[in-house]
Amino acid sequence: MVDMTVKIGAVTLKNPVMPASGCFSTDLAQVMDLNRLGALVAKTVSREYRAGNPPPRAAEVEGGMINSIGLPTKGIDYFFEHQVPDYKRFTPPLVGSISATTIEDFEAMARDVAKSAIDVLEVNISCPTRDPKGGNFALHEEHTYNVVKLIRATTDKPMWVKLSPNAGDIVAVAKAAERAGADALVVANTILGLKINTDTFRPAIGNKFGGLSGPGIKPIIVRMVYQCAKAVKIPIIGCGGIVKVEDAVEYMLAGASAVMIGYLTFRNPTGMIAIIEGLEEWCVRRGFARVADLTGTMIDDPPMETFAAAAMPIG
Amino acid sequence: MIGEPFASNPFIVGESEAAAALQHIPAEESLCPVVSHDWVNSEYKHLVVEASRKALSVTPGQFFNLLCPSPDVGELFFRRPQSVYRIDRDRGRIEFLYKCVGRGTRGLATLKKGDDLNMVGPLGVGFKLDPAWRHIVVLGRGVGIATLGPISQLAREAHVGVTAILSARNADFVMADGFFREAGDVVTVLDTDGTSAVENVEKILQHLIAQKRADAFFTCGSNRLFQLMKRSGKANGIPGQVAMEQVMACGLGPCYVCVRTFEINGRKELRRVCIEGPVFDMQEAVGW
């Protein structure tokens with residue numbers, strides 16, 4: 001019997017597997033038992049209705065997909081009135097995700113959300129597709145600090161800050177978010193990309209640029225999780241290209257306390273369940289009594305002397 | 001599909017009944033053995049699979065999201081949505097009729113008898129049949145013809161008359177006319193002899209309306225024919241339903257990739273084809 005629970009600050013999850021924001025809704029109850037998940041993560045809402053970006057909104061690429069959905073939302077009032085009660089039919093903790101274009105609006109939304117029944121507030125300062133140029137708060141440490149600091153002052157709810165892999169120095173941004181009072185970091189959002197259709201000479205998606213996700217980005221994000229985990233004391237949730245049990249293990253070895261899954265759900269809607277079951281089996285096989293013991297256990301010896309390493313057996 | 005490298009938890013047809021515990025969940029990922037898979041003409045294939053009990057609960061107009069094998073050395077990263085052409089509950093089979101166009105369908109075409117097809121479903125909102133209707137008209141073109149199969153089958157079982165207008169480039173691409181003939185009358189219109197022109201199809205519709213053989217309209221596969229039916233339906237007060245297509249990622253609702261434009265009382269809105277459709281009210285759909 002493996003203890004699958006993990007703690008993200010004050011929040012205990014019954015297992016470390018949850019959906020990534022934007023890749024989940026209660027619509028998934030069509031194919032799975034949502035109560036199996038570590039947490040439920042709602043799609044990002046903004047204050048007002050947003051239609052989202054022009055289709056085509058997604059395309060396949062080698063190694064995953066590129067998307068530019070553009071945060072369509074019916075607005076925050078609809079979220080409170082209809083979506084929160086809908087999520088509350090299920091037992092896992094509910095993570096609500098918010099986005100805004102100004103720090104004032106972020107603060108006001110956080111104040112409202114703090115009064116709602118959500119269990120955790122995810123601050124999405126990193127959506128690359130909302131601004132046509134791909135800009136967002138999480139690209140700069142001072143922008144991140146300012147917005148997180150202001151939101152922190154409005155609420156005692158656990159606050160997870162979702163970082164951007166498009167930042168020049170994600171470690172500096174991670175530290176800024178920690179300094180400003182984040183309870184955990186989600187590393188990371190999608191990588192800004194461009195796919196061009198060589199038949200039509202046009203961008204493959206309607207908004208030109210899109211966020212790259214899927215197994216192809218995993219080594220980049222695992223590296224970022226490792227670097228951020230070294231630099232901050234707050235827990236990290238790894239997010240990027242997990243499609244099998246070993247990918248989740250890899251993120252935890254790099255320093256993640258839990259993981260989020262996006263692309264896999266689009267391909268195999270029951271994939272998250274398969275990973276929860278497989279992770280437990282993996283722990284049994286490798287003799288781990290607690291899944292939480294995996295976090296940050298990558299063996300991290302300094303590189304060997306080159307000539308000595310080149311004289312070692314393979315493997 | 002055996003060999004799927006990514007984590008999944010499919011129900012295996014004929015092997016396990018573990019899904020019994022999930023009976024309240026309407027759809028599932030299942031591995032369905034291919035019973036037969038044949039070319040119908042130079043572009044279309046007819047695929048028959050042995051389906052799970054849950055998959056067999058599919059209703060006309062609903063679809064499955066298929067994990068297609070890759071047709072080349074690359075990998076496919078999305079499933080491909082495919083509406084059902086025929087539901088054979090007696091033999092526990094589901095049939096698809098599809099056109100090989102892109103990488104997904106070219107990959108699907110490589111499946112052989114005995115291979116497993118990984119499908120998620122049944123998904124979406126299908127066609128509605130009002131038992132008070134005495135005669136319906138289904139109008140399909142190309143691969144859209146396949147989507148209209150199950151509703152015609154259902155109408156026949158409910159003793160509702162069906163006129164199927166099947167539009168195609170030439171006689172080779174008039175598919176399933178035998179199947180539709182079992183359900184009712186078939187009118188074939190072709191590009192080669194000019195009978196598929198919108199003006200001619202309009203005359204056929206007007207004739208059916210005049211004969212009181214058009215209590216409801218159903219269409220799939222052509223925007224021009226959809227616009228015609230929408231216009232005619234509005235002018236004559238005939239309710240209509242259209243099955244729509246759009247590029248999808250998840251096929252289940254959360255991703256918001258497959259949106260199309262609708263207009264309700266002069267106000268435009270977006271709806272997801274996968275979960276709010278793929279069948280929509282004809283007067284609310286804007287077209288494509």
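Is the crossing of α3(A) and α4(A) left-handed or right-handed? It's right-handed. Keep in mind as you look around that this is a predicted model.

## A run of helices in chain A

Let's stay with that pair for a moment. Helix α4 of chain A covers residues 170-179, and α3(A) packs against α4(A) at an angle of about 20°, with the axes 8 Å apart. Angles under 35 degrees count as roughly parallel, and α3(A) and α4(A) are therefore roughly parallel to each other. On the α3(A) side, the contact is made by A:Glu141, A:Thr144, A:Tyr145 and A:Val148, while α4(A) brings in A:Ala172, A:Val173, A:Ala176, A:Ala177 and A:Arg179. Sort the residues of this contact by class and you get six nonpolar, one polar and two charged.

Helix α3 (residues 141-154) also has a partner in helix α2 (residues 103-114) of chain A: their axes come within 9 Å and cross at roughly 30°. That angle makes α2(A) roughly parallel to α3(A). The crossing of α2(A) and α3(A) is right-handed. From α2(A), the residues involved are A:Ile103, A:Phe106, A:Glu107, A:Ala110, A:Arg111 and A:Ala114, and they meet A:Val147, A:Leu150, A:Ile151 and A:Thr154 in α3(A). By class, the contact of α2(A) with α3(A) holds seven nonpolar, one polar and two charged residues.

## Another helix pair

Now find helix α5 (residues 218-231) and helix α6 (residues 245-254) of chain A. Their axes come within 8 Å and cross at roughly 25°, which makes α5(A) roughly parallel to α6(A). Helix α5(A) puts A:Lys218, A:Ile221, A:Val222, A:Val225, A:Tyr226 and A:Ala229 into the contact, and α6(A) answers with A:Asp247, A:Glu250, A:Tyr251 and A:Ala254. What classes do the residues of the contact of α5(A) with α6(A) divide into? There are seven nonpolar, no polar and three charged.

## Where the two chains meet

Time to bring in chain B. Here 37 residues of chain B are in contact with 40 residues of chain A. The size of an interface is often given as the accessible area lost when the parts come together. For chain B and chain A, that buried area is about 3,100 Å², and 59% of it is on carbon and sulfur atoms.

There are charged links here too: four salt bridges are found across the interface of chain B and chain A. You can look up the salt bridge between the side chains of B:Glu75 and A:Arg267, at 3.4 Å from N to O.

## A salt bridge across the sequence

Over all chains, the count comes to 30 salt bridges. One of them joins the side chains of A:Arg36 and A:Glu277, at 2.9 Å from N to O. A:Arg36 sits in the loop between β3 (17-19) and β4 (40-41) of chain A, and A:Glu277 belongs to helix α8 (residues 271-286) of chain A, so this pair ties together parts that are 241 residues apart in sequence.

Most residues other than glycine have a negative phi, and most peptide bonds are trans. With that in mind, take a look at A:Leu71, which isn't a glycine but has a positive phi of about 50°. You'll find A:Leu71 in the loop between β6 (64-67) and α1 (76-87) of chain A.

Next come some cis peptide bonds. One joins A:Val187 and A:Ala188, with omega about 5°. A:Ala188 is in the loop between β10 (184-187) and β11 (191-194) of chain A. Over in chain B, the peptide bond from B:Gly277 to B:Pro278 is cis, with omega near 10°. Where is B:Pro278? Look in the loop between β15 (267-272) and β16 (279-281) of chain B.

Definitions and conventions. Residues are numbered from 1 along each chain as its sequence is written. Chains are lettered from A and ligands numbered from 1 in the order in which they are written. This is a predicted model: local features need pLDDT of at least 70, side-chain atom pairs count only at pLDDT 80 or more; totals for chains, interfaces and linings use all residues. Side-chain values use heavy atoms; hydrogens and water are left out. Axes are lines fitted to C-alpha atoms, for helices over the stretch in contact, and angles run from 0 to 180 degrees between N-to-C directions. Helices (H or I, at least four residues) and strands (E, at least two) are DSSP runs, numbered from the N terminus. Angles under 35 degrees count as roughly parallel, over 145 as roughly antiparallel, 65 to 115 as roughly perpendicular and the rest as oblique. A crossing is left-handed if the near helix is turned anticlockwise from the far one by less than a right angle, and right-handed if clockwise. Contact means heavy atoms within 4.5 Å. Ala, Val, Leu, Ile, Met, Phe, Trp, Tyr, Cys and Pro count as nonpolar, Asp, Glu, Lys and Arg as charged, and the others, Gly among them, as polar. Buried area is the accessible area (1.4 Å probe) that two parts lose on being put together, summed over both.
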